[in-house]
Structures are given as C-alpha cells and as structure tokens.
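Please consult the sequence and the coordinates alongside each answer.

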Amino acid sequence: VENQPFLDAISAAAIRSLDSYDLPALSWLADLGLSCSEDLEARLDSHVATVWAKFPDSLDGVDANFQKAIRGLELDNLGVVGSRLLLRRLGAEDASSHFEERALHAIRKHRRESFACDP
C-alpha cells in the first residue's frame, strides 16, 4: 500500500539533495516512482553514461581492467530504471505492452505453480 504523503516527503528530500546522491542511491530512488522521477532519471542517466563509457568496443576488451572498473562501481544492479537506461545505450528497445503482459502472466503462473509445490 502506497503512502502518498510519505512518498511526497521522500521526493521533496530527494530533490534537495539530488547532486549528492551516488549511483546506488539514485538506482534505488529512481525505482520508487516519486514525483521527482524525471529529475532522478536524468541524474541517473548521467551516471549510466559513465558506466557505459567503461564498456569496451569489442569482447577482447572484456579483460581484468574492465572487470575491475565494473567492480569499482560497488553496485550489484542499476535497478529497473537504470537497467533500462543502460539497455537503451546497448541498442535494446523497451518491450511492447503486449510482451510485458504475456511476461507478467507467465511469471505469475510460475509463482502460483512453484508455491503450490512448496511444503
């Protein structure tokens, strides 16, 4: 259940401190759907651009230096919004709403079946 006054308070605090957030914080905040989401996404995109700049031009560049640079981000994921921003830079487009509906249906079905077997 969403508590809109609470989310509005988070949004107000986030917008005041926008320039001080690092990549992990922005990745998390951008996924909350706050009223300042456009500002958060724009700031996150600038960080994602920095991550993208670390990517090599070919598989030959996926070496120890690249791995060290990625580990140096100290981040296990970019969140939903950040991952989509990175995927767009890779050339992957957003899925159609029809695909998303089918995927959600398959996920829900799998969860129902998995939990039904769980003792």
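Q: How far apart do the centres of the positive and negative side chains of the protein chain lie?
A: Lys and Arg count as positive and Asp and Glu as negative, while His and the chain ends are not counted. Each charge is placed at NZ of Lys, CZ of Arg, CG of Asp or CD of Glu. In this predicted model, where local features need pLDDT of at least 70, side-chain atom pairs count only at pLDDT 80 or more, and totals for chains, interfaces and linings use all residues, residues are numbered from 1 along each chain as its sequence is written, and side-chain values use heavy atoms, leaving out hydrogens and water. With 13 positive and 20 negative side chains, the protein chain has the centres of the two sets separated by 4 Å.

Q: What is the radius of gyration of the protein chain?
A: The radius is taken over C-alpha atoms, and the globule rule is 2.2 Å times the number of residues to the power 0.38. A compact globule of 119 residues would come near 14 Å, but the protein chain has 18 Å.

Q: Is Ser 27 buried or exposed?
A: Ser 27 belongs to helix α2; helices are DSSP runs (H or I, at least four residues), numbered from the N terminus. Buried means under 20% relative accessible area, exposed over 50%, and partly exposed in between (1.4 Å probe, protein chains only). Because its relative accessible area is 4%, Ser 27 is buried.

Q: Which backbone oxygen does the side chain of Ser 27 reach?
A: Leaving aside neighbours within four places in sequence, Ser 27 is in contact (heavy atoms within 4.5 Å) with Leu 44, Leu 75, Asn 77, Leu 78 and Gly 79. At 3.5 Å, the side chain of Ser 27 reaches the backbone oxygen of Leu 78.

Q: Which backbone nitrogen does the side chain of Asn 77 reach?
A: Asn 77 lies in the loop between α4 (64–71) and α5. Its side chain makes a polar contact with the side chain of Asp 76 at 3.1 Å; such a contact is a pair of N or O atoms within 3.5 Å, and within protein one must be able to donate a hydrogen and the other to accept it, with residues adjacent in sequence counting only if both atoms are side-chain atoms. At 2.7 Å, the side chain of Asn 77 reaches the backbone nitrogen of Gly 79.

Q: How is Asn 77 classed by relative accessibility?
A: Asn 77 and Trp 28 are 49 residues apart in sequence and 9.5 Å apart in space, C-alpha to C-alpha. Because its relative accessibility is 43%, Asn 77 counts as partly exposed.

Terms used:
Helices (H or I, at least four residues) and strands (E, at least two) are DSSP runs, numbered from the N terminus.
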